Amino acid sequence: MGKMHKVALALQGGGVHGAFTWGVLDALLDEAAEGNIDIVGVSGSSSGALTATALAYGFHEGAALPGPATARTRRMVEAARGKMRELWETVARTAFWGGNPFVAAIGMAADWNIDDMPSARWADVSLSSGHPTETGLNATLTTVLREVLPQIPAIFALPQAGTPMLVVAATDVAECRRQLFIDGAVSPDVIKATNAQPTHFQTATIGGRAYWDGGYMGNPPLTPLIEGLRENEAHDLLVVTMNPLRRDGAPHGPREILDRLNEVTFNSSLIHEVNAIETINRLIDAGMVKDPPARQRPYHRINLHRVHADEEIAKLGIYSKDAPAWDFLVHLRDLGRQAFKAAWPQIKPALGKSSSWDTTAMCDSILARKAITTRER
């Protein structure tokens, strides 16, 4: 067994496509069970927050189980693995018995794309009426919180050695501000808030303040994890994304337009945080960042890594995000496992040393960072 590396995870949201992240984490937990990595923190917005919460919840349950100390890590890993499966099983069961029209539709789609089916046209009409029907993940939240995560926030209130810090983001509607909820502050209302897209779910209220989906201000939130990485003398941040950066052609219809607008907005917050981290990394590498005052941990670079399946997820279309049929969730889980196994050979040797994600090329292209420097004079 090689050196154990401490890593933090940032999980992007994307409705039912969040089952892709389940598969990524399921494969990643094999590395944790072998002692190759130690997960010190996990953040998320929207469905990414739901999966992050299930992961942390399972770690806490596993830490409390009796047994030999030498097998504690494996107990936590298996509890986390089981909790994520329970989460998505409950989502599928609740959607099936709740009469979600997309569940039946996607079962008849050979390629899992239901954008041209009658149920999708019905959704467009519902959205245009100003009274969209709740479907997909949001319609299952009450059952999931009651059956799968019954002990939040109490289970996170007491620190357990070896469990990751949990960070969930929501958007303060009035202040246009990201609100972070950490560990014991993650309540059922917070999970509803971070999933509250205003066109699909009613606005959530916590402490008299209105909140929308956390993805508008950070999908997923990255910078809140950096201090945790410094505290743990860790260097690596693994980002799991599921909103394609690129889609072919322009969207048509109100739902497709709105959904692509959300993807652009959600990816924008991610790319700007990546850009900030990468800029600081370059300054650190150049020796231009001074150490903080005495008794504070010195600054060090944060290595960025990414697991994704943009091309495959783009083929699934828009409406599959609201179709939590069990067979489709298993397909997404398996896609996530495959994506992790494809990315891990590049990520593993880079841990603690460098970024395996080429953020320079991405930021240069998407943010047009060189537009001024390359301008003809």
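Mentor: Buried means under 20% relative accessible area, exposed means over 50%, and partly exposed covers what lies in between. Please keep in mind that this is a predicted model.

Trainee: Then is Cys176 buried or exposed?

Mentor: Cys176 has a relative accessible area of 58%, and because exposed means over 50%, Cys176 counts as exposed.

Trainee: And what about Cys363, buried or exposed?

Mentor: Cys363 is buried, at 0% relative accessibility.

Trainee: How many disulfides does a search of the whole structure find?

Mentor: The search finds zero disulfides.

Trainee: Changing topic, where does UniProt place the feature "active site"?

Mentor: The UniProt record, an unreviewed entry, puts that feature at Ser46 and Asp213. They span 168 residues in sequence, yet no two of their C-alpha atoms are more than 6.0 Å apart, so they gather at one spot.

Trainee: Where is Ser46 found?

Mentor: Ser46 sits in the loop between strand 2 (37-44) and helix 2 (47-63). Ser46 has a relative accessible area of 6%, so it is buried.

Trainee: What is Ser46 in contact with, leaving aside its neighbours within four places in sequence?

Mentor: With those neighbours set aside, Ser46 is in contact with Gly13, Thr194, Asn195 and Asp213.

Trainee: And which loop holds Asp213?

Mentor: Asp213 belongs to the loop between strand 6 (209-212) and helix 9 (223-231). Asp213 is buried as well, at 0% relative accessibility.

Methods: Residues are numbered from 1 along each chain as its sequence is written. This is a predicted model: local features need pLDDT of at least 70, side-chain atom pairs count only at pLDDT 80 or more; totals for chains, interfaces and linings use all residues. Side-chain values use heavy atoms; hydrogens and water are left out. A disulfide is a pair of cysteine sulfur atoms within 2.5 Å. Buried means under 20% relative accessible area, exposed over 50%, partly exposed in between (1.4 Å probe, protein chains only). UniProt positions are given in the numbering used here, feature names are shortened, and annotations may be inferred rather than shown by experiment. Helices (H or I, at least four residues) and strands (E, at least two) are DSSP runs, numbered from the N terminus. Contact means heavy atoms within 4.5 Å.
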